[in-house]
Amino acid sequence: MSSGVFITFEGIDGVGKTTQLNKVYQKCIELGYSVIKTREPGGTNIGMRIRELLLDPGLDEMAQHTEALLYAADRAQHIQEVIKPALKSGNVVLCDRYLDSSIAYQGYGLDRDIALIKEVNKWAIAGIMPKITFCLDQEPEIALKRTKGDRIEQRTIEYYRKVRAGYRHIAISEPDRFCLIDANGTVEQVFHRIWYIIAGRGIL
Ligand SMILES: Nc1ncnc2c1ncn2[C@@H]1O[C@H](COP(=O)(O)OP(=O)(O)O)[C@@H](O)[C@H]1O
Ligand SMILES: [Mg+2]
């Protein structure tokens, strides 16, 4: 169906996803690939409105079900408007967060039923899964020091430990697609770990 390559970046807040996505983007440009970068939540105009709701520290009354559904709604729009068309035209699509974030944050982090989160998102993603996912892995104590404190980022260190453990569960259940990357070290060192896999596995 699609001819492009879909790559996603995951991990807890502050771990370096956006930094590494930008590095991979630059490298792809240098190598002459047609590549786009996008993010969740907020990869579309509608998604930006949803993102404002999701990250507003003033909306602490938001129910957990609402949170999970808003992320899925953002994703549904993103898939239809951005990701699917870009893949169809043969682009490399680099996406900052995707389905695994919902599983880790709303599923494992909030102790919700993982199967249910997957079911809600099944409708949103319309069968589109990344070819590979790089999940940057680091102690929350280190990563969270680099964040600004939006509604989600104000959650406790225990919450982030559960999210990180959730990502590790995904890595065990889908070892081919979901790669844990040690996020400790310099930006260059972490980038080399990622590029080693992209080049070594012939991802592009
Ligand atoms: N390996 C690294 N070592 C030190 N600082 C880093 C590293 N990677 C990213 N940073 C810095 O940490 C902050 C958070 O990085 P960012 O890429 O925005 O994380 P995320 O997108 O996962 O929240 C940024 O200021 C970034 O420049
Ligand atoms: Mg980021």
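Between which two elements does the loop that holds R97 lie? R97 sits in the loop between β3 and α4. Helices (H or I, at least four residues) and strands (E, at least two) are DSSP runs, numbered from the N terminus.

This is a predicted model, in which local features need pLDDT of at least 70, side-chain atom pairs count only at pLDDT 80 or more, and totals for chains, interfaces and linings use all residues. Residues are numbered from 1 along each chain as its sequence is written, while chains are lettered from A and ligands numbered from 1 in the order in which they are written.

Stay with R97 for a moment. Its phi is positive, about 75 degrees, although R97 is not a glycine. R97 is buried, because 25 other C-beta atoms lie within 10 Å. A residue is buried if 20 or more other C-beta atoms lie within 10 Å of its own, exposed if 12 or fewer, and partly exposed in between; C-beta atoms are placed from the backbone.

Step back to D96. This residue belongs to strand β3 (residues 92-96). D96 is buried, since 20 other C-beta atoms lie within 10 Å. Setting aside neighbours within four places in sequence, D96 is in contact with F9, K17, T18, L21, R39 and E40. Two residues are in contact if their C-beta atoms, placed from the backbone, lie within 7 Å. D96 and E40 are 56 residues apart along the chain, yet their C-alpha atoms are separated by 6.1 Å.

A cis peptide bond joins E40 and P41, with omega about -10 degrees. P41 is in the loop between β2 (35-39) and α2.

Now follow α2. The axes of helix α2 (residues 45-55) and α3 come within 9 Å and cross at roughly 160 degrees. α2 is therefore roughly antiparallel to α3. Axes are lines fitted to C-alpha atoms, for helices over the stretch in contact, and angles run from 0 to 180 degrees between N-to-C directions. Angles under 35 degrees count as roughly parallel, over 145 as roughly antiparallel, 65 to 115 as roughly perpendicular and the rest as oblique. The crossing of α2 and α3 is left-handed. A crossing is left-handed if the near helix is turned anticlockwise from the far one by less than a right angle, and right-handed if clockwise. From α2, I46, G47, I50, R51, L53 and L54 take part. They meet E67, L70, Y71, A73, D74, Q77 and H78 in α3. By class, this contact has seven nonpolar, three polar and three charged residues. Ala, Val, Leu, Ile, Met, Phe, Trp, Tyr, Cys and Pro count as nonpolar, Asp, Glu, Lys and Arg as charged, and the others, Gly among them, as polar.

What lies at the centre of the largest nonpolar core? The core has 46 residues, and those with the most contacts inside it are V93, L94 and I181. Helix α3 (residues 64-88) gives the largest share, seven residues. A nonpolar core is a set of buried Ala, Val, Leu, Ile, Met, Phe, Trp, Tyr and Cys residues joined through C-beta atoms within 7 Å. Eleven of its eleven residues are buried, so α4 is largely enclosed by the rest of the structure. The elements that cover its buried residues include β1 (5-10), α3, α5 (114-125), β4 (132-137), α7 (157-173) and β5 (178-182). After α4 comes D111, whose phi is positive, near 60 degrees.

One residue of α4 is Q106. Q106 counts as buried because it has 27 C-beta neighbours inside 10 Å. Not counting residues up to four places away in sequence, Q106 touches Q64, E67, A68, Y71, R112 and I117. Q106 and H65 are 41 residues apart in sequence and 8.8 Å apart in space, C-alpha to C-alpha.

α4 also packs with α5, at an angle of about 150 degrees and with the axes 10 Å apart. α4 is therefore roughly antiparallel to α5. The crossing of α4 and α5 is right-handed. L99, S102, I103, Q106 and G107 of α4 make the contact with I114, I117, K118, N121 and I125 of α5. These residues divide into five nonpolar, four polar and one charged.

A126 lies in the loop between α5 and β4. Its phi is near 50 degrees, a positive value in a residue other than glycine. A126 counts as exposed, because it has 12 C-beta neighbours inside 10 Å.
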